[in-house]
Amino acid sequence: MAEKNKLSIICMSGDFDKAIAVFTLASGAAAVNYEVNLFFTFWGLNMIKKKGGRGFIGKGLLARIFNFLLGGRNKLPLSRLNFAGASPVLMTGLMKDRNVATLPELFQASIALGANFYACEMAMVVLGLSQEDLIPEVKKVLGVASFLEMSKGGQTLFI
Amino acid sequence: MKTVTLDITKDHCPMTFVKTKLQLSKMEPGDILEILLTAGEPLDNVPRSVVEHGFQVLEVTPVKDNIHKVVVKR
């Protein structure tokens, strides 16, 4: 067989619609036999927090308030027309009605198909997060050099 | 050796090939998977994704309207 194709995604946004894009690409690529590397940084870290809702997690008062306000992957806002969190709920309902995979389904499929999850070291320091605050599927906490090395020779996207 | 049927006629990208891949990963080498899918994107891409994994597409036949059956050997 030919050498395995590779897709690496820098997941910077913590928006609901962009998270859908990340996990649609990740699960789809993994299903067609790509190696998939997801590198979560800044608001993207909200997608991989162990706590899906809101929680005072992290080190330091300011970081804890920040993380509470940001929330986890069940609290991601729509990038436009969020209406205080009503729109992601309505959008999920629409997706279910139309037999399109929802964010939790795409997220679970990405894990089941072996996408690799990595977290950005620098953003974790800023937000006072440690690896214990993240889902156990996160393989490693990395920096730029390691990400460049692992994404070399494949396609890289920034979402 | 067993035969399993997977109906993805109501699914859309990427769940069409995600479900196919997940089902194939639960099966043993030599098992047969019969996939029911619609013409267009699923018919164009699901057989291709299966071949990409090194599995064999034995047959592709129209069933009714725009529904096709793809038979895959794990």
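In chain A, helix α1 (residues 16-31) packs against helix α4 (residues 103-112) at an angle of about 35°, and their axes lie 9 Å apart. Keep in mind that this is a predicted model. The crossing of α1(A) and α4(A) is left-handed. On the α1(A) side, the residues that meet α4(A) include Phe16(A), Ile20(A) and Phe23(A), and their counterparts in α4(A) include Leu103(A), Leu106(A) and Phe107(A). By type, the residues of this contact split into nine nonpolar, three polar and no charged.

Phe23(A) turns up again in the largest nonpolar core, which has 64 residues; Phe23(A), Leu38(A), Phe40(A), Leu45(A), Ile48(A) and Phe117(A) touch the most other members. The largest share of this core comes from α1(A), with nine residues. As for Ile48(A), leaving aside neighbours within four places in sequence, its contacts include Phe40(A), Arg73(A), Phe117(A) and Leu134(A).

Now over to chain B. Here four strands make an open sheet in the order β1-β2-β4-β3, with mixed pairing. β1(B) and β3(B) sit at the edges with a single partner strand each, so one side of each has no neighbour in the sheet. Neighbouring strands are turned by 20° against each other on average, direction ignored. β1(B) and β2(B) run parallel, joined by five bridges, and Thr5(B) stands opposite Glu34(B) in β2(B). Helix α2(B) packs on the sheet, touching β2(B), β3(B) and β4(B), and its direction makes about 155° with that of β2(B).

| β1(B) | 3-7 |
| β2(B) | residues 32-38 |
| β3(B) | 56-64 |

Technical notes:
Residues numbered from 1 in each chain as written. Chains lettered and ligands numbered in written order. Predicted model: local features only at pLDDT ≥ 70, side-chain atom pairs only at ≥ 80, totals over all residues. Heavy atoms only, no water. Core = buried A, V, L, I, M, F, W, Y, C linked by side-chain atoms within 4.5 Å. Buried < 20%, exposed > 50% of the residue type's maximum accessible area, 1.4 Å probe, protein only. Helix = DSSP H or I, 4+ residues; strand = E, 2+ residues; numbered from the N terminus. Contact = heavy atoms within 4.5 Å. Pairing = 2+ DSSP bridges. Axes fitted to C-alpha atoms, helices over the stretch in contact; angles between N-to-C directions. Left-handed = near helix turned anticlockwise from the far one by under 90°. Nonpolar A, V, L, I, M, F, W, Y, C, P; charged D, E, K, R; others polar.
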